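Biologist: Please take a close look at a single part of this model, and then place it in its surroundings. I would like the cut-offs stated as you go.

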Amino acid sequence: MTHQPLVLGIETSCDETGIGIVRGETLLADAIASSVDEHARFGGVVPEVASRAHLEAMIPTLERACTTAGVRLSDVDAVSVTAGPGLAGALMVGVAAAKSLAVALGVPIYGVNHLAAHVAVDIVEHGPLPEPTMALLVSGGHSSLLLVPDVTADIASLGSTIDDAAGEAFDKVARVLGLPFPGGPHIDRMASQGEVTIDFPRGLTQGRDLERHRFDFSFSGLKTAVNRWVELRQRSGEEVPVADVAASFQEAVVDVLTKKAVAACRAQGVEHLQIGGGVAANSRLRALAQERCDAAGIELRVPRPGLCTDNGAMVAALGAQMVLRGRTPSDLSIPADSSMPVTEVLA
Amino acid sequence: MKLLAMDTSTSAITVAIHDGTVVLAERSVIDARAHTEHLAPLITQILSEAGLAPGDLTDVAVGVGPGPFTGLRVGLVTARTFAHALDIPVHGVVSLDALAHEAMSSERLDDGDELVVATDARRKEVYVARYAVASGAVLRITEPAVTYPADVPETFRALPAVGRGAVLYPETFPTRVGPLDVSAGALAEVAVAQVAAGVEVGLDALYLRRPDATPSAVSKSTVMAPRGAKR
Ligand SMILES: [Zn+2]
């Protein structure tokens with residue numbers, strides 16, 4: 001192809017203002033501004049704080065992305081934006097900014113699904129997505145197993161968490177163990193110094209539960225079990241073996257995630273598994289997934305950690321695929337859809 | 001001058017184009033819950049109505065509020081981004097000023113006359129400011145504030161009242177006059193006058209309220225989960 005489309009992607013579904021720029025399947029810039037510090041003192045994401053931060057971060061982040069990519073906005077061929085799912089007020093800032101750019105620059109707009117974008121980002125890392133691909137998305141906001149025949153048009157949800165997201169479980173258990181926030185990396189590091197000595201429960205893996213929730217997840221019971229185990233230890237005056245508890249907890253989570261992901265691949269005859277989301281940075285998840293995929297003859301793809309968390313590059317990557325595959329752009333009147341289903345890849 | 005004006009601080013999503021002398025075109029939709037949906041299509045419509053391409057514009061003006069946050073931000077981020085993309089200046093206008101300005105014309109107010117602008121701040125509150133007409137223009141004589149109607153000063157209540165607040169709280173504002181929602185044409189006129197006078201209001205949103213510090217049910221691995229959240 002002589003001209004690869006230059007696509008700018010905007011992501012504002014939670015607390016990161018992300019602007020990515022992609023030319024075809026090549027990542028040129030991935031600028032991000034996070035309001036995480038402003039939320040920490042509230043003990044969670046405050047939607048209004050996130051929305052205000054998106055408004056203030058939009059232009060500076062746009063400028064940074066263009067500078068890094070070495071492009072001018074007038075060079076952009078299409079704009080893509082997370083239309084949902086996410087926090088309504090936060091999404092609206094990104095959607096309005098994207099529409100404004102589209103009108104000012106006279107280019108098409110693609111309002112895309114955030115989860116589909118998590119899958120598409122691997123294209124700029126490892127090349128074209130095998131079709132179909134199985135995707136395991138695990139973060140503080142998502143725990144989904146997706147069958148992806150075509151990331152620009154066709155995604156089916158095979159399973160998701162019925163209570164806590166996987167990343168939430170890491171954060172909560174970290175707090176119980178007195179480890180700093182965010183929990184994921186600290187549990188990972190602590191676990192590497194410990195042994196898997198405790199057999200914590202694996203949610204939705206037995207009997208009736210497994211029948212009804214074959215590819216769904218549950219981490220609430222595990223979190224409670226860890227809590228109780230630590231409390232009992234403390235009450236009896238014994239020291240809590242933090243590294244061993246971390247290792248055992250982590251093993252329980254990644255065991256279920258990888259087992260179900262590989263089982264889903266087998267059930268659907270899919271030979272490629274991609275893992276995305278913030279929890280994809282977990283070293284044990286990567287190792288065990290690799291081991292089980294190798295044994296099952298499945299190719300495993302995991303983007304680098306910076307591309308697994310929420311970012312603009314993933315939105316730009318999916319937008320570029322929309323252009324390359326000739327998908328019909330979104331209408332300028334699309335809403336921000338806080339509960340956009342994953343089956344709706346493009347608004 | 002070809003100035004694109006917009007405001008989303010009231011129930012109206014409103015856009016206009018001003019050439020430095022008169023308003024060339026204006027369009028509004030009343031839909032308090034769908035600012036994101038209407039604004040961009042309205043901008044494309046008004047541009048084609050005025051026979052202009054985006055690149056023909058020289059300035060952007062936007063209402064900075066006060067107004068309900070979610071809608072207000074749609075206008076602000078749209079205006080800022082639009083001006084940034086075209087590399088042209090963007091001017092802020094206090095949205096209540098546009099309502100006062102329009103009422104002055106429609107009600108044929110004279111020098112010395114006073115009025116109060118009261119818009120819906122939701123949660124049973126209003127955004128208010130008091131104005132006086134001087135030298136054929138409206139002059140804001142109090143800072144915009146958010147308050148319960150019951151707490152609006154006596155001195156404001158006797159004045160002709162402009163905006164949806166007067167419809168919602170007739171006991172507080174018995175003398176309702178003028179427009180209910182902001183019109184971008186009026187806002188453009190205020191902006192043009194400000195530019196001529198060398199006045200810049202700035203582009204900070206006039207929220208006038210702190211965010212409610214209730215964490216969302218949505219949390220993610222990069223932020224702390226709600227403390228003690230039960231599921
Ligand atoms: Zn995400």
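Modeller: Contact means heavy atoms within 4.5 Å. By that rule, 62% of the contacts in chain B with a separation of 6 or more join residues 24 or more positions apart. This is a predicted model, in which local features need pLDDT of at least 70 and side-chain atom pairs count only at pLDDT 80 or more, while totals for chains, interfaces and linings use all residues. Residues are numbered from 1 along each chain as its sequence is written, chains are lettered from A and ligands numbered from 1 in the order in which they are written, and side-chain values use heavy atoms, without hydrogens and water.

Chain B contains 6 helices and 10 strands, taken as DSSP runs numbered from the N terminus (helices H or I, at least four residues; strands E, at least two). Along the principal axes, the C-alpha atoms of chain B occupy a box of roughly 60 × 50 × 30 Å. A compact globule of 231 residues would have a radius of gyration near 17 Å, and the 19 Å of chain B agrees with that; the radius is taken over C-alpha atoms, and the rule is 2.2 Å times the number of residues to the power 0.38. Of those 231 residues, 55% are buried (under 20% relative accessible area, with exposed over 50% and partly exposed in between; 1.4 Å probe, protein chains only).

The C-alpha atoms of chain A fill a box of roughly 70 × 45 × 30 Å along the principal axes. In chain A, residues 24 or more positions apart make up 74% of the contacts with a separation of 6 or more. The 27 positive and 41 negative charges of chain A have mean positions 4 Å apart. Within chain A, 16 of the 18 residues of α3(A) are buried, so this helix is largely enclosed by the rest of the structure. Just after α3(A), Gly106(A) has a positive phi of about 65°.

Methods: Lys, Arg positive; Asp, Glu negative; His and termini not counted. Charge placed at Lys NZ, Arg CZ, Asp CG, Glu CD.
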